[in-house]
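Here are a few notes to read with the model open beside you.

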Amino acid sequence: MTISQINNPTVHFDDWLLPTHWASALINDDWTGYDYDEIKQIEDVLFRSGLQKYMCVDVADDESFMKCPSYWPASYELLDDNYSTYTFQLR
């Protein structure tokens with residue numbers, strides 16, 4: 001439990017496996033180095049999963065190569081890649 005959860009029990013966090021190389025965009029809002037298609041893919045995944053309502057607050061140091069997590073539909077076009085656990089907080 002985090003300090004913010006202790007002080008405000010209504011704070012909601014969700015963890016999701018996403019491509020590791022998305023960290024700079026999701027954590028720092030730094031989109032440099034991403035091409036148009038990759039930006040669209042990131043935005044599409046965030047929108048279609050409802051994560052655009054959340055703020056990415058952490059990425060764990062648990063990077064590993066894996067198949068795309070089964071909870072992401074094939075239509076999201078996420079490939080086997082290095083994935084990390086991202087923590088999102090409801091805005």
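Which residue in β4 is the bridge partner of L18? That partner is S84.

1. Before going further, a word on the source: this is a predicted model, in which local features need pLDDT of at least 70 and side-chain atom pairs count only at pLDDT 80 or more, while totals for chains, interfaces and linings use all residues. Residues are numbered from 1 along each chain as its sequence is written, and side-chain values use heavy atoms, with hydrogens and water left out.

2. The L18–S84 bridge belongs to the pairing of β1 (residues 13–19) with β4 (residues 81–90), two antiparallel strands joined by 7 bridges. Strands here are DSSP runs of E with at least two residues, helices are runs of H or I with at least four, and both are numbered from the N terminus. Two strands pair if DSSP finds at least two bridges between them.

3. Now for the largest pocket, which holds about 200 Å³ of space. A pocket is an open set of points, on a 1 Å grid over the protein atoms alone, where a 1.4 Å probe fits, with protein on both sides within 12 Å along at least five of seven lines; lining residues have an atom within 4 Å of a point. The volume is the space filled by probe spheres set on the points.

4. The lining of the largest pocket has 13 residues, and A25, L26, L46, Y54 and R91 lie nearest its centre. Both α2 (23–28) and β2 (54–59) supply at least two lining residues each. By type, the lining divides into 10 nonpolar, 1 polar and 2 charged residues. Here Ala, Val, Leu, Ile, Met, Phe, Trp, Tyr, Cys and Pro count as nonpolar, Asp, Glu, Lys and Arg as charged, and the others, Gly among them, as polar.

5. Two backbone angles deserve a look. Most residues other than glycine have a negative phi. D29, in the loop between α2 and α3 (36–49), has a positive phi near 55°. E77, in the loop between β3 and β4, has a positive phi near 60°.

6. Are these two residues buried or exposed? D29 is exposed, with a relative accessible area of 59%, and E77 counts as exposed at 59% relative accessibility. Exposed means over 50% relative accessible area, buried under 20%, and partly exposed in between (1.4 Å probe, protein chains only).
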